Amino acid sequence: MHRNVRAVVEAQLRGPVAVELPEGQRVEVVEVPVGRAGVYVPAGRAAYPSTVVMAAVTARAAGVEQVAVCAPPGPGGGADAVILAACVLCGVSEVYRMGGAQAIAALAYGTETVPAVDVIVGPGNAYVQEAKRQLVGRVGIDGIAGPSELVVVASEGADPELVALDLLAQAEHGDESPLWLLSSDERLVDAVVATVERLAPERPSVADAELQAVTVDEPPDALRLAEEIAPEHLQLVGDEAEALAERVTRAGCLFVGAGAGTAFGDYVAGSNHVLPTGGAARFQSALSAATFRRRMARVTLPGQAPTRLAPAGAAIARAEGFPVHAESMERRA
């Protein structure tokens, strides 16, 4: 039995396939999209059309036919024009002017005017995320999103001003956004911190997020600390830091090299900006087509397959206290 299970699992790792197993049975693993997806687009300091793009384009590419977006109404009670334009461009089926935990509940359970969805994705405040957490099982979700975060591992050759700008850009997400600078180059750390302190007052959109600047002995030590954090965004800048890229296993998204600022990933690089936060990169992935698709096995037991499989299956069934399971298999032998 364990050999058959392993064979199917290994086949799944290569993608949807049909597996012919030794006893003659056929297991075909297929992928099917969910029917309806809900996208929550938060309203904080501004409208966020990029969230519409990241979620709706991914859902549509995954084969989802109906994508519903909900976003809190603006000060006058209307929908934001930029959000509506993004929805049109991205093939969104419907848009609802609603926000908060109640919007998540409406998407999950359905109302007289809002059909229920199968999966809910998107960032939002603590109330929105708690609503998603409580509704797991009623609907699928992408994950629980906390404050946005950035770790920069820098080494000799990194430009202090570019690193400072990347950290300040991340601070635009709010004063709760965790920021780390990790380096074995003490002079570089001092230069980046001084640059941050010089540039921040000139940029009113930057919140007072706390920067943790840590000096380590060697670049691999910085990577080990970054892996413990398992951040949403991880940047490697400088020759020694960039050489560690192949060793990274715990990050929502990895940016390598002087040109790869995290801000590109938020908008135009091609990676998805809906990412695991709060250390969830240890076990969770970025939003992807897989979020909106399910794998399903189709099992066929032709010819002598039932006869060959029944003895082993019946023995296991009786050991587990299910004699009728055993009888069901043996009658087909």
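In helix α11, Ala310, Gly313, Ala314, Ala317 and Arg318 meet Pro323, His325, Ala326, Met329 and Glu330 of α12, contact being heavy atoms within 4.5 Å. By class, this contact of α11 with α12 has six nonpolar, two polar and two charged residues. Here Ala, Val, Leu, Ile, Met, Phe, Trp, Tyr, Cys and Pro count as nonpolar, Asp, Glu, Lys and Arg as charged, and the others, Gly among them, as polar.

This is a predicted model, where local features need pLDDT of at least 70 and side-chain atom pairs pLDDT 80 or more, while totals for chains, interfaces and linings use all residues. Residues are numbered from 1 along each chain as its sequence is written, and side-chain values use heavy atoms, without hydrogens and water.

Helices are DSSP runs of H or I, at least four residues, and strands are runs of E, at least two, numbered from the N terminus. α11 covers residues 305-319 and α12 residues 323-330; they pack at about 170°, axes 7 Å apart. Axes are lines fitted to C-alpha atoms, for helices over the stretch in contact, and angles run from 0 to 180 degrees between N-to-C directions. So α11 is roughly antiparallel to α12, the term for angles over 145 degrees.

Now the cavity, a set of points on a 1 Å grid over the protein atoms alone where a 1.4 Å probe fits but cannot get out. How many of 30 Å³ or more does a search of the whole structure find? One. Lining residues have an atom within 4 Å of a point; α6 gives the largest share of the lining of the largest cavity, three residues.

Terms used:
Angles under 35 degrees count as roughly parallel, over 145 as roughly antiparallel, 65 to 115 as roughly perpendicular and the rest as oblique. On a 1 Å grid over the protein atoms alone, a cavity is a set of points where a 1.4 Å probe fits but cannot get out, and a pocket is an open set with protein on both sides within 12 Å along at least five of seven lines; lining residues have an atom within 4 Å of a point. Grid points are joined across faces, edges and corners, and a volume is the space filled by probe spheres set on the points.
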